[in-house]
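Look at the sequence and structure first, then read on.

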Amino acid sequence: MSHQNKRYQVNLFRPKTGHMRDEVLIIFAILFGWAICTFGFQIVLAVSRGTGAGDLLTRLTFFNLPLHFWFTAQFLPLWFIVLCVVFNVYIDRITQYHSRRRDRSYE
Amino acid sequence: MNDSSWSVFVVLCVLVSFIVVGLRQKSRESTEYGFGGRYTGRIGGGAAIASNWMSAASLMGLAGLIYLQGYQALAYVIGWTGGYVLLLVLLASQIRRFGKFTAPDFVGERYGSSAARLIAAVISIAISVIYCVAQFKGIGMIFSFMFGIDYTRGVMFGGVAVVSYLVLSGMLGVPRNQQMLYFVISVSFIVPLMWLARKLGYFWLLPQFGYGEAIADLSRQFSIDFTLPFAQGSLFGWCALCFTLMVGTAGLPHVLSRFYTVPNIRDARWSVVWGLFFIALIYWSAPAYAVFGRLLEAQQGHQFSPAAARSMADIIVLKTAVSAGLPGWLVGVLAAGALSAAFFTVAGLLMTGAASISYDIYYSILNPRASESARMQVAKAGTLVLAALVLLLALNPPGLIAEITAVAFALAGNTIFPLFLLGIWWERANREGAIAGMLTGIVCTFAEPLLSGVLPQVGAWFPITSSALCGAPLVICVMIAVSLVTPPPPEEMRRFLEQEVHGHLD
């Protein structure tokens with residue numbers, strides 16, 4: 001009877017404790033890094049246009065490219081790869097940790 | 001032989017070699033590896049993801065738009081790489097644990113409704129068709145460029161060539177060797193670029209990073225500022241396009257199904273990283289073509305009107321190679337890479353679309369007692385009908401290659417992405433919510449052509465290529481609201497989500 005009354009719940013913002021909680025934490029961390037560098041940088045670029053800081057962004061060069069162009073065209077794809085690597089390493093680790101805790105072999 | 005017949009020759013050689021290698025691999029595999037095919041490891045899986053992804057949009061359309069719009073078009077580069085972060089982080093492992101890999105399958109199972117499944121199938125087919133129109137435009141432009149014929153005849157010849165290639169490899173039963181495809185695509189894109197950089201006198205070993213000098217020359221000698229941010233659009237436009245392509249990537253039908261072919265979740269996750277790296281190699285190179293194209297044009301003193309520039313933007317990669325005086329066979333290599341990418345993308349999409357017609361619409365809904373062979377017939381006829389439809393649409397293409405592709409991404413991002421996201425991460429999402437969400441998503445995607453005449457504001461918020469920045473959150477809100485006022489989904493599905501999809505280690 002008690003089984004039937006149990007309410008199953010899955011919610012990104014209210015994860016269960018254990019593996020899912022650790023997973024959701026890293027998901028939010030990665031999404032934060034993803035959003036800040038992609039959209040945050042463009043907003044900074046647009047807002048600072050015409051001011052000293054904005055001029056600095058477009059006039060400084062790196063690999064002969066203006067800094068903002070280098071950041072978007074070359075650094076961001078690299079940054080996405082880094083984010084994915086970090087995510088995978090972390091997930092590998094927590095999967096291993098929680099599998100051991102439950103005394104199960106890892107995949 | 002003159003230059004252009006050399007290029008045709010190289011293109012033919014490459015396309016035939018795919019069939020030959022595929023057949024040899026097939027005879028070897030059935031003896032050595034059995035019928036399951038072989039597992040190629042994480043790097044091989046990454047190459048397969050990348051080759052599945054590369055299309056005429058990546059190899060021709062991307063450089064064309066950067067050539068036209070400079071910094072503004074980098075939204076395409078970022079959108080088409082950053083989407084993989086979303087896909088990996090939010091959906092990959094969970095969908096794999098859920099065990100359904102096509103959008104109609106997932107929707108039908110998760111939301112337990114054949115109506116929702118039908119809508120999802122129609123949306124998937126529409127995405128495939130729109131995506132294919134862009135590929136056909138690319139194929140048509142390459143054909144008309146190589147043979148010196150007009151675009152209409154180029155598309156027709158190209159369409160016939162694709163369909164015959166598809167039928168031929170289908171009859172021979174050629175398996176797709178995706179690692180080889182990636183190798184061909186990347187080499188044929190990067191080697192001509194190195195040649196180009198060397199010829200123009202820039203750092204050629206890594207032309208991806210050597211084109212900075214060319215940008216500097218462009219602004220010093222010809223005072224063309226290629227990199228000025230938001231010169232050709234707005235911050236909103238940039239972010240909306242970028243976000244749309246990102247959520248579209250995470251919702252695109254033929255991308256998700258890649259997770260099915262890798263034996264375990266851990267390798268599936270790592271092969272995404274390799275796939276992203278292989279994709280980035282191409283995307284780091286595309287701006288270089290655009291910059292060199294501009295530079296050559298300026299050096300040769302050509303001045304094009306915006307309309308003329310737009311009409312040739314999609315072929316700028318080949319045009320640049322020719323006007324820099326690259327040898328004919330090398331132009332052929334370049335064309336062969338783009339053509340094989342477009343051919344295999346079309347083949348994959350038409351077959352998925354036809355399978356969807358046959359299984360999700362014909363078998364599941366129209367005629368549940370259909371035999372295996374009847375379903376096969378429907379699938380074959382479906383492929384031809386879809387190809388004819390695509391050809392018809394491609395005769396009068398509505399935009400540039402990358403722009404047409406972006407509409408497919410917007411549709412995926414507005415409909416399939418929210419459905420997967422909420423389906424995986426919120427157990428309360430139900431059938432009514434899913435149907436309402438998909439219908440809202442369709443309206444959002446086509447809001448600009450449909451509604452902007454009546455409500456001009458709508459066109460500003462939901463631009464046709466980038467409707468998902470406002471669309472996807474709106475669809476998510478609609479799904480949540482409708483789900484909350486209607487009864488929750490069945491107990492069994494919620495248990496499955498909590499215990500299997502999210503509780504596999506509890």
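How many residues does the contact take from chain B and from chain A? Chain B gives 54 residues and chain A gives 56 residues. The model is predicted.

**Interface area**
- The size of an interface is often given as the accessible area lost when the parts come together.
- Here chain B and chain A bury about 5300 Å² between them.
- Carbon and sulfur atoms carry 67% of that buried area.
- On the chain B side, B:W425, B:E498 and B:L505 lose the most area to chain A.
- Together, B:W425, B:E498 and B:L505 make up 13% of what that side buries.

**Polar pairs and salt bridges**
- Over all chains, the whole structure has 11 salt bridges.
- Three salt bridges are found across the interface of chain B and chain A.
- In the salt bridge between B:R266 and A:D92, the closest N and O atoms are 3.1 Å apart.
- B:R266 lies in helix 13 of chain B and A:D92 lies in helix 4 (residues 67-101) of chain A, so this pair joins two chains.
- A:E23 forms a salt bridge with B:R97, with the closest N and O atoms 3.8 Å apart.
- Between chain B and chain A, 15 residue pairs are in polar contact, both residues at pLDDT 80 or more.

**The side of chain B that touches chain A**
- Several helices of chain B each supply at least two residues to this side, among them helix 4 (74-98), helix 13 (265-299), helix 18 (401-425) and helix 23 (491-501).
- Helix 4 of chain B provides the largest share, 12 residues.
- By class, this side of chain B has 32 nonpolar, 11 polar and 11 charged residues.

**The second largest pocket**
- The second largest pocket holds about 610 Å³ of space.
- Its lining consists of 26 residues.
- Nearest the centre of this pocket lie B:Y76, B:E403, B:V407, B:I464 and B:T465.
- Helix 3 (56-69), helix 6 (114-147), helix 11 and helix 18 of chain B each give two or more residues to the lining.
- The lining divides into 15 nonpolar, nine polar and two charged residues.

Technical notes. Residues are numbered from 1 along each chain as its sequence is written. Chains are lettered from A and ligands numbered from 1 in the order in which they are written. This is a predicted model: local features need pLDDT of at least 70, side-chain atom pairs count only at pLDDT 80 or more; totals for chains, interfaces and linings use all residues. Side-chain values use heavy atoms; hydrogens and water are left out. Contact means heavy atoms within 4.5 Å. Buried area is the accessible area (1.4 Å probe) that two parts lose on being put together, summed over both. A salt bridge is a side-chain nitrogen of Lys or Arg within 4 Å of a carboxyl oxygen of Asp or Glu. A polar contact is a pair of N or O atoms within 3.5 Å; within protein, one must be able to donate a hydrogen and the other to accept it, and residues adjacent in sequence count only if both atoms are side-chain atoms. Helices (H or I, at least four residues) and strands (E, at least two) are DSSP runs, numbered from the N terminus. Ala, Val, Leu, Ile, Met, Phe, Trp, Tyr, Cys and Pro count as nonpolar, Asp, Glu, Lys and Arg as charged, and the others, Gly among them, as polar. On a 1 Å grid over the protein atoms alone, a cavity is a set of points where a 1.4 Å probe fits but cannot get out, and a pocket is an open set with protein on both sides within 12 Å along at least five of seven lines; lining residues have an atom within 4 Å of a point. Grid points are joined across faces, edges and corners, and a volume is the space filled by probe spheres set on the points.
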